[in-house]
Amino acid sequence: MRRRKFLSLISAGSLGTALAPRTGTAAATISGHPETLGVLHDSALCIGCRKCEAACREVNNLPTPDKYKTPEKPFTDLSVLERKRRTDFQRFTVVNKYRSKDGRTVFRKFQCNHCQEPACASACFVRALVKTPQGPVIYKPDLCVGCRYCMIACPYYVPAYDYGNAGNPLVYKCTMCAPRLARGQAPGCVENCPTDALAFGRRLDLLELARARIAAHPGRYTPRIYGEQEMGGTNWLYLSPVPHEELGQPRLGKIPAPELTSGALGAVAIVAGLWPAFLGGLYCISRRRDKTAEQDAALAAATARETAEAEAQETLRQALAKAEKEKEAAIAREVKKAREEAAREFEEKAAPQAKEESTPPPAGEPSS
Ligand code: SF4
Ligand code: SF4
Ligand code: SF4
């Protein structure tokens, strides 16, 4: 980890002390947890090398570009920067190249901004998207019912869907490397940026860092930190040498997305009334389908067990009956054999005697 990447993280105390008056201002204007973490992307330092894209693939076990559904050039090929690419289920971040109105080439990294008050999470009625106090907006695939309302709600068009996987429809987006943060590591993309265009640390410290850079180099930056206040603020922040709108970043107000959404829905009463019912209905149908499938499976198993038991009983009964018959036949055979032997013995004994009795006595001897 290069020193400057962890600048705001490890020197939170000293930086906060050096710029203490401005920290108070930030704390007063930004909602959210004060210790929440974030990342600052500085387009003035970004060279469009795509090393962050490659690192993101690596730490998230995503497919390599040649394995994309529509295969793409490797991360070392920078010609792809000419296209305005978006994130999708195969890549959680992309870097795009922009030509500013004054003719400058500027690169901007794109991924989930991990909003302080995320529209995606407020739109998700099963709480499959959750804002954590640490900063990341995390996704729980086990809870997701695939309604895709988060995709509609996100003002940055971030959540992606794998349309080719209808059997297991999940939402994909940058995780802010939440598992790495939990292990005390910085996000993979930050760790692999060769120019320190990415800095990781406490959001409040990153705001101070960004302000310090603008103050130190007024000619290098447009005097605005994108993400400081947009729709309640985001945990990813941006510095740019040109107006942020020229880098494809939407002009958004300060009102947090959940408030905006409720206002919009409130203006359209039928939507406000029907949408929760519709989503709830989808959820119930999905749950009922699962439950019915479970019940069907249990019933099928019970029926199969009963059938198997009945068949086993019948087989046993037939086997016993057959054995009984065979035993009776064997006994009958033995009895018959014994009788025949007895008759033979009797005949054998009786024959000499009968012969003796039938022989006439010698002449002169009285017959008895
Ligand atoms: S950028 Fe979009 S997906 Fe990311 S937290 Fe904000 S609303 Fe959600
Ligand atoms: S924070 Fe992690 S998931 Fe997000 S773009 Fe960087 S490497 Fe990818
Ligand atoms: S690794 Fe850093 S310099 Fe390279 S494209 Fe990403 S953010 Fe820009």
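## Terms and model

Buried means under 20% relative accessible area, exposed means over 50%, and partly exposed lies in between, with a 1.4 Å probe and protein chains only. Helices (H or I, at least four residues) and strands (E, at least two) are DSSP runs, numbered from the N terminus.

This is a predicted model, where local features need pLDDT of at least 70, side-chain atom pairs count only at pLDDT 80 or more, and totals for chains, interfaces and linings use all residues. Residues are numbered from 1 along each chain as its sequence is written, chains are lettered from A and ligands numbered from 1 in the order in which they are written, and side-chain values use heavy atoms, with hydrogens and water left out.

Start with strand β9 (236–239). Trp-236 and Tyr-238 point one way from β9. Leu-237 and Leu-239 point the other way. All four are buried.

β9 belongs to an open sheet of 3 strands, in the order β8-β1-β9, with mixed pairing. Strands pair if DSSP finds at least two bridges between them. β8 (198–202) and β9 stand at the edges with a single partner strand each, so one side of each has no neighbour in the sheet. Neighbouring strands here are turned by 25° against each other on average, direction ignored. For such angles, axes are lines fitted to C-alpha atoms, for helices over the stretch in contact, and angles run from 0 to 180 degrees between N-to-C directions.

Strand β1 covers residues 37–42. β1 runs antiparallel to β8, and 5 bridges join them. Gly-38 has Gly-201 in β8 as its bridge partner. With β9, β1 pairs in the parallel sense over 4 bridges. There, Asp-42 stands opposite Leu-239.

## The β2–β3 hairpin

Strand β2 (residues 94–99) and β3 pair in the antiparallel sense over 6 bridges. Val-95 has Lys-109 in β3 as its bridge partner. The two strands form a hairpin with 5 residues between them. In the turn, Gly-103 has a positive phi of about 85°. Strand β3 (residues 105–110) is mostly covered, with 5 of its 6 residues buried.

## Around the ligands

Each shell is made of residues with a heavy atom within 4 Å of the ligand. Ala, Val, Leu, Ile, Met, Phe, Trp, Tyr, Cys and Pro count as nonpolar, Asp, Glu, Lys and Arg as charged, and the others, Gly among them, as polar.

Ligand 1 is surrounded by 14 residues. The closest are Cys-112, Asn-113, Cys-115, Cys-120 and Cys-154. By class, this shell has 11 nonpolar, 2 polar and 1 charged residues. Cys-115 is buried, with a relative accessible area of 13%. Ligand 3 has 13 residues around it; Cys-46, Cys-49, Cys-52, Cys-193 and Thr-195 are the closest. Its shell divides into 8 nonpolar, 3 polar and 2 charged.

## The shell of ligand 2

Residues surrounding ligand 2 include Cys-56, Asn-60, Thr-93, Lys-109, Cys-174, Cys-177, Cys-189 and Trp-236. Helices α4 (51–60) and α8 (188–191) each supply at least two residues of this shell. The shell divides into 7 nonpolar, 4 polar and 1 charged.

Cys-177 lies in the loop between β7 (171–172) and α7 (178–182). Cys-177 is buried, with a relative accessible area of 9%. Cys-177 has a positive phi of about 50°, although it is not a glycine. Most residues other than glycine have a negative phi.

## Disulfides

A disulfide is a covalent bond between the sulfur atoms of two cysteines. Here the rule is a pair of cysteine sulfur atoms within 2.5 Å. By this rule the count is 0 disulfides.

## Buried loop residues

Arg-50 is found in the loop between β1 and α4. Arg-50 is buried, at 2% relative accessible area. Arg-50 also has a positive phi, about 70°, without being a glycine.

Gln-90 lies in the loop between α4 and β2. Gln-90 is buried, with a relative accessible area of 8%. Its side chain reaches the backbone nitrogen of Lys-69 at 2.5 Å. Thr-234 sits in the loop between α9 (203–216) and β9. Thr-234 is buried, at 1% relative accessible area. The C-alpha atoms of Thr-234 and Arg-203 are separated by 9.0 Å, and the two residues are 31 residues apart along the chain.

Methods
Polar contact = N/O pair within 3.5 Å; in protein donor to acceptor, adjacent residues only side chain to side chain.
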